Amino acid sequence: MSGYQPIGGKLFTKPFNLFALLALIGICLIAYRFIFGIGAASNLNDGYPWGIWIVMDVVVSTGFGCAGYALALTVYVMNRGEYHPLVRPAILAGLFGYTLAGMSVMVDLGRYWLFYNLLLPWYMQPNSVMFEVAICVLAYTVVVWIEFAPAFLERFGLHNVRRKLSKLLFFFIAIGILLPTMHQSSLGTMAILWGHKLSPLWQTQLLPLLFLMSAILMGSALVPFEGNFASLGFNRPPETHLYSKLSTYVFLLLGSFILIRLADLTLRSAWGYAFEQTTDALMFWIEMALYIVPFVLLFKRDNRSNRQIIFILSVCLLLAGTVYRLNTYLIGYHPGPDWNYFPSIMEILITIGMFSLEIALYLIFVKHLPVLHRAEAEAA
Amino acid sequence: MKRRDFLKAATVGVGSIGYTGSSQALMREPLKMPPQAVGMLYDSTLCIGCKACMVACKQANEMPPEFAGTEQRLYDTPLDTSGSTLNVIKLYKDGTREIKDRAQDGYAFMKTHCLHCVDPSCVSACPVSAMTKDPLTGIVNHHADRCIGCRYCVAGCPFSIPKYEYHDAFGQIQKCQFCSHLQAQGKIPACCDVCPTGASLFGRMEDIQQEAKRRLQAKPGDTYSFARGMLGGDQPPHEAKIPVYQQSVYGEKELGGAQVIYLSAVPYDKLGLPTNVPDYAYAAITEGIQHTLYQWFALPFVLFTGLLAAVHKSTKEEREKDVSSTAYEEDAS
Ligand code: SF4
Ligand code: SF4
Ligand code: SF4
């Protein structure tokens, strides 16, 4: 029994058209990048080899994409079946987060036509953190599609295949939890290689742990965030009661994250950098505030069942994760005094295009595939 | 998994509790100097800023001129290493710039290119083995036919040496490869070959290290005969006075050591070399973490087995219901 169903309705609504247009602009500019090169389309330079294409479209976007991972952890590992209605939309978020991250990597790779070298055993370099991340992200992208496949199979009435798959699905769900655990932490390890080029506000050997935790936090926050828009946009009752239970886990995890972060800064005596008059320090405090505000809000139990507050919370947490990752990969990264980076218009439009494509596809998928849960659909 | 490894793994596993602040906790063994290492000594006090080495480098590697430093496009004026430049002479200057090799109101030269690190971050960074370190000579080479252009080596190199050709839709990574194509023909790197004062000096790593020590031990003001081209080679030496050196050889220990080492009279950070750095390569830490977490794939395997069991159990009901019932089809129709 699936319990999910497509919500139907007109596809070409105003928001959809807007996102589709932005996505189209992005795609045209991507074509421009492939014809004229990375230098022509972006402000990437010898000092800053990675810009928003990597940081926003991959490092941040896969953080959002951990919605499926975070929920799978709750539903299947902690065996909290009551969250089941949230699973499929969360997996859909993972599907887009990761697939589009993969596409962005292809846009950013300087020698994309040799991409398959990653898969040739005689070139593989297992000591490379990048290798581990690339392979895991690739594998996970395939796994999310398999996890999401039942939605297609139901939609197109391929029930035999669906039944066979559902016997094996537990295997893919388990891999789908293992892989993000590996590569989300490795995204943190990746920055350790930068050593002194990364400000002590972020450079720590705990980066893998912090990145893993930040991924689960971002993923968990995306669920009520997406749910809120689904309920507003499609006139559906919100699943507030489920979010409020989920928020207890978030509260504990968030508390540990903040605690580890503060303890680590203290043990490394890095606080001095937080009180300098620098962009680093400013961004550090913004990041801190974005983590601490939701924590304080969650302290009061009443707040956990307040729909508005849950929405504010989820926005804060998504921004917090975004800023934390942006800080680690870009703001706190100092290649030397002679280098500056601010994304070009084209770079920004490509990134916006990628995220818009994600939203436009989301709209298509929930309208035509069984993604949202029936209980709410009926009540609507 | 050996007991020691297991304990190490357990430390990471509970990293949230046991603080692993001391850098050595997760470090892998630092790499050692290869047996037949070749090296270069750049003595900033000997450099006269003639840039002959930059011209020779461009010729030897068939690289185009670059017009970064001036409006007029008259001659090669790179500001840093780039997709078109593997070697740059940079200038440190302070105040009135009166005296060479003095930190205050003085100036000094600096030669920037790959240091051929003993434990190179770029090699560790590269996912497709496009950066390699020769096990005998220690030369760090780049193989464009393997490179996917991810530019992790660019971000990962502590000296910011490898550069990508951004201007080209089909660009590649460029970096000094110690003129390995010339060395293969029994020649020496072009920059050392043309250096008029011996500021860039090529040689066996051991000899180069001893030579650097000798210079530090010589008395300032004494006349010294500085080898040119290759240490022990046939170019006539260059006679000059021993300056007041900084009493350390840069690259001896820094970041795990390098095969291009530096001598200077002004502090090394003035030359743009990172000085507040550990004696090990950052790659020893990242690889240490990866090896601890992924050795024999043991931890992931244990985790996976656990996950498999947990998920199998928690999806049991769902699975059985789904397989046995036709409820969905009825509902859907
Ligand atoms: S200086 Fe940079 S490019 Fe050269 S070997 Fe060291 S890490 Fe690699
Ligand atoms: S840019 Fe090329 S050489 Fe550098 S790490 Fe990536 S694949 Fe390796
Ligand atoms: S060794 Fe060769 S490639 Fe490297 S700086 Fe000297 S001339 Fe250029």
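Of the 13 residues around ligand 2, Cys126(B), Cys147(B), Cys150(B), Arg151(B) and Cys153(B) come nearest; a residue counts as near if one of its heavy atoms lies within 4 Å. By class, this shell comprises ten nonpolar, two polar and one charged residues. Here Ala, Val, Leu, Ile, Met, Phe, Trp, Tyr, Cys and Pro count as nonpolar, Asp, Glu, Lys and Arg as charged, and the others, Gly among them, as polar.

The model is predicted, with local features needing pLDDT of at least 70 and side-chain atom pairs pLDDT 80 or more, whereas totals for chains, interfaces and linings use all residues. Residues are numbered from 1 along each chain, chains are lettered from A and ligands numbered from 1 in the order written, and side-chain values use heavy atoms, without hydrogens and water.

Around ligand 3 stand residues including Cys57(B), His113(B), Cys176(B), Cys179(B) and Cys191(B). The shell of ligand 3 holds eight nonpolar, three polar and no charged residues.

Chain B itself has 333 residues, of which 54% are buried, that is, under 20% relative accessible area with a 1.4 Å probe, protein chains only. Among contacts (heavy atoms within 4.5 Å) in chain B between residues at least 6 apart in sequence, 59% join residues at least 24 apart.

Confidence can be followed in chain A. Its mean pLDDT (the predictor's confidence in each residue, from 0 to 100) is 90, and 98% of the residues of chain A reach 70 or more. Over residues 376-380 of chain A, however, pLDDT stays under 50, and the model has nine contacts beyond four places in sequence for this stretch.

Note on methods: Buried < 20%, exposed > 50% of the residue type's maximum accessible area, 1.4 Å probe, protein only.
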